[in-house]
Amino acid sequence: MKTLKIAIQKSGRLNEKSVELLKNCGLNFENYKSSLISPVSNFPLEILFLRDDDIPEYVQDGIADLGIVGENVIQETEVEVSYLQKLGFGKCSLKIAVPNNNSINTLEELNGKAVATTYPVILGKYLKEKGITSDIRTISGSVEISPGLGLSDAICDLVSTGGTLKSNGLKPFADVMSSEAVLIGRKGSENEDLVQELIQRVQSVLRAKE
Ligand code: PRT
Ligand code: ZN
């Protein structure tokens with residue numbers, strides 16, 4: 001019998017909730033932090049523990065059949081996968097923010113300005129749609145300190161509580177996208193029996209929480 005693979009985040013904001021969801025689905029597996037792959041003893045499934053950024057491509061390419069990852073990562077990597085189920089955790093929004101003492105208050109005022117982000121693809125599409133031409137500066141982290149360092153006029157980053165923006169003297173003024181963790185699958189594999197069985201278990205766990 002075929003064994004499915006599901007890719008989840010190895011460590012980080014989505015790891016704990018992803019593991020909890022799978023355990024609540026009745027799946028028995030060891031959650032060793034050191035191993036990259038964990039077999040499930042009571043279902044033909046293996047769990048792959050990965051960096052979240054790699055999950056959409058692994059699923060698109062069929063290395064994993066399913067994955068749990070933030071919508072922001074899927075859209076940034078521009079992969080072709082099926083959205084099977086929103087999972088209700090990992091909620092955040094991608095926002096554009098500027099320093100509190102800055103005169104930028106409207107999107108139009110971002111024309112010609114430098115915006116630092118780790119989400120150049122999503123931000124680029126958003127600004128293009130709005131007819132704004134900014135200088136998008138792609139950096140790999142600590143986006144919120146870039147205006148203070150003189151590296152950018154604005155930032156575009158994920159926000160959940162808003163505490164990080166606040167403590168860096170930044171104010172949000174545009175919502176680019178909202179995101180949460182989703183269950184994804186390879187296009188075309190949605191109808192396989194084992195995949196369906198897992199989707200149904202996930203959905204009944206979510207229903208029980210309502
Ligand atoms: O190691 P790996 O590559 O797997 O993890 P990572 O460091 O890239 O991602 P991680 O664990 O930080 O986030 C995983 C996913 O959680 C993201 O892709 C989002 O879908 C989701 N998520 C939800 C968030 C946040 N909330 C969030 N607040 N991801 C990041 N943040 C960061 C944000 O970038 C900013 O630095 O938290 C800070 C802001 O938080 P507040 O509460 O101060 O607003
Ligand atoms: Zn990541």
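How many bridges join S1 to S3, and in which sense do the two strands run? In this predicted model, for which local features need pLDDT of at least 70, side-chain atom pairs count only at pLDDT 80 or more and totals for chains, interfaces and linings use all residues, S1 and S3 run parallel and are joined by 6 bridges. Residues are numbered from 1 along each chain as its sequence is written, while chains are lettered from A and ligands numbered from 1 in the order in which they are written.

The protein contains 6 helices and 11 strands, where helices (H or I, at least four residues) and strands (E, at least two) are DSSP runs numbered from the N terminus. The C-alpha trace spans about 60 × 35 × 30 Å along its principal axes. Of the 210 residues, 34% are buried; a residue is buried if 20 or more other C-beta atoms lie within 10 Å of its own, exposed if 12 or fewer, and partly exposed in between, with C-beta atoms placed from the backbone. Among contacts with a separation of 6 or more, 65% are made by residues 24 or more positions apart, two residues being in contact if their C-beta atoms, placed from the backbone, lie within 7 Å.

The protein is divided into domain 1 (4–90 + 180–209) and domain 2 (92–178), with bounds that come from an automatic or database domain assignment. The C-alpha centres of the two domains are 30 Å apart. Contacts between them involve 5 residues of domain 1 and 7 residues of domain 2.

An open sheet of 6 strands has the order S2-S3-S1-S4-S11-S5 and mixed pairing; two strands pair if DSSP finds at least two bridges between them. Strand S2 (37–39) and strand S5 (81–86) each have a single partner strand and stand at the edges, so one side of each is left without a neighbour in the sheet. Neighbouring strands are turned by 25° against each other on average, direction ignored; axes are lines fitted to C-alpha atoms, for helices over the stretch in contact, and angles run from 0 to 180 degrees between N-to-C directions.

Within the sheet, Leu4 has Leu45 as its bridge partner in S3. S3 also pairs with S2, in the antiparallel sense and over 3 bridges, and Ile37 stands opposite Leu48. The hairpin formed by S2 and S3 has 5 residues between the strands. In S3, 5 of the 6 residues are buried, and in S1 5 of the 6 are likewise buried.

Apart from neighbours within four places in sequence, Val69 is in contact with Asp52, Ile55, Pro56, Ile74, Ala181, Val182 and Ile184.

In helix H4 (residues 120–130), the buried residues are Ile122, Leu123 and Leu127. Seen down the axis of H4, these residues fall within an arc of 125°, so they line one face of the helix; the arc is that of the directions from the helix axis to the C-beta atoms. On the other side of H4, Lys128 and Glu129 are exposed. The buried residues of H4 pack against helix H3 (71–77), strand S6 (92–99), strand S7 (114–117), strand S8 (135–138), strand S9 (154–159) and strand S10 (170–179). Gly131, with a positive phi near 75°, follows H4.
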